[in-house]
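Subject: Structure for your review

Hello,

Please find the structure below, with the sequence alongside. My notes on what turned up follow it.

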Amino acid sequence: MLNLKLSHNPLIQYRPIRTSDLEVLEKIHGDLFPIRYESEFFQNVVNGRDIVSWGAVDRNRPNEQSDELIGFVTARTVLAKDSDIEEFLRYDSSRSEQTLIYILTLGVADSYRNLGIASSLIREVIKYASNIPICRAVYLHVISYNNPAIYLYKKMSFQCVRRLSAFYFINGQHYDAYLFIYYVNGGRSPCSPFFQLEDLLERPLSKSAVANSWTTIFPRELIKLIVTGAKSGFRMVAAKLWRKEDRKPSKWSKCKESGSLLPTKHNKRMPTEGALSQFV
């Protein structure tokens, strides 16, 4: 798709960000974000110090600018047990090495918007996370007024799980944020009905637990069939059974994987490295 703001047909390619990108990276951040970032952040990005990054370039760009950044995404690896989204993970405390990928910043130069560049950059992050066997999710925070970014993440199947009140403090004003999660490598929310079924099968049940468990709704053998079928690609079967019984009381937390936000947590942050807005 031709962007009317461009005088040529762009040829977009993606590559890791390197040290020669420092000046342009700082400029694009300054143009896109309402805050100023410390030089240490940019040094960490271009030198790959605890941060992974990808850049977008236009190989058809004139005036010897064919290798100059026109978009970027930065991210870092965090331990699941040290993250602030542990409650949204089916987390095995015995596996302390499980990790997550946290997206720090995402941006595309104004003249290159609506070309699918931001989506491609996010896919690079998801692919990277998916290739790490112990990684369980990609997650990020989005400032509440950034509607293009919110729309983009929803379109790419990120789950909006919480609204955080007064999460950001920018130029003397508080702003809410949304928390988005994309699960990889079998990771999923503990509020998932499939997690609840598997958890029921994996642990011994006392008599009192049985009285309040899913076994009062389905025979244990049927639950096994549902889980097995779901893992084999027959998720529609389990979904129908779930909808049929969704009005019955359950001992599980009343939350959903998507379409509904959990209660606000007051976790105020200054917009520094590790808590940055996404702009696309």
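**Salt bridges**

Glu68 is partly exposed, at 26% relative accessibility; the word covers values between the two cut-offs, where buried means under 20% relative accessible area and exposed over 50% (1.4 Å probe, protein chains only). This is a predicted model, in which local features need pLDDT of at least 70 and side-chain atom pairs count only at pLDDT 80 or more, while totals for chains, interfaces and linings use all residues. Residues are numbered from 1 along each chain as its sequence is written, and side-chain values use heavy atoms, with hydrogens and water left out.

The side chain of Glu68 forms a salt bridge with that of Arg61, at 3.4 Å from N to O. A salt bridge here is a side-chain nitrogen of Lys or Arg within 4 Å of a carboxyl oxygen of Asp or Glu. Side chains of opposite charge can pair when their charged atoms come close. The count by this rule is ten salt bridges.

Asp67 has two of these contacts to report. One is with Arg59, at 2.8 Å from N to O. Arg59 is partly exposed, with 31% relative accessibility. The other is with Arg15, at 3.0 Å from N to O. That pair links distant parts of the chain: Asp67 sits in the loop between β2 (52–58) and β3 (69–79), Arg15 is in strand β1, and 52 residues separate them. Helices (H or I, at least four residues) and strands (E, at least two) are DSSP runs, numbered from the N terminus.

Through shared partners, salt bridges join Arg15, Arg18, Asp21, Arg59 and Asp67 into one network.

**Strands β6 and β7**

Nine of the twelve residues of β6 are buried, so the strand is largely enclosed by the rest of the structure. β6 and β7 run antiparallel and are joined by eight bridges; two strands pair if DSSP finds at least two bridges between them. Arg163 has Tyr178, in β7, as its bridge partner.

**Positive phi values**

Most residues other than glycine have a negative phi, and most peptide bonds are trans. Which residues here have a positive phi near 50°? Ala166 is one of them, and is not a glycine. Ala166 is found in strand β6 (residues 159–170) and is buried, as its relative accessibility is 11%. Asn171 is another, in the hairpin of β6 and β7, which has two residues between the strands.

Asn185 also has a positive phi, of about 50°, although it is not a glycine. Asn185 lies in the loop between β7 (173–183) and α5 (193–202). With a relative accessible area of 33%, Asn185 is partly exposed.

**Ser7**

Ser7 is in the segment before β1 (12–16). Ser7 is exposed because its relative accessible area is 76%. Ser7 and Pro62 are 55 residues apart in sequence, and their C-alpha atoms are 9.8 Å apart in space.

Regards
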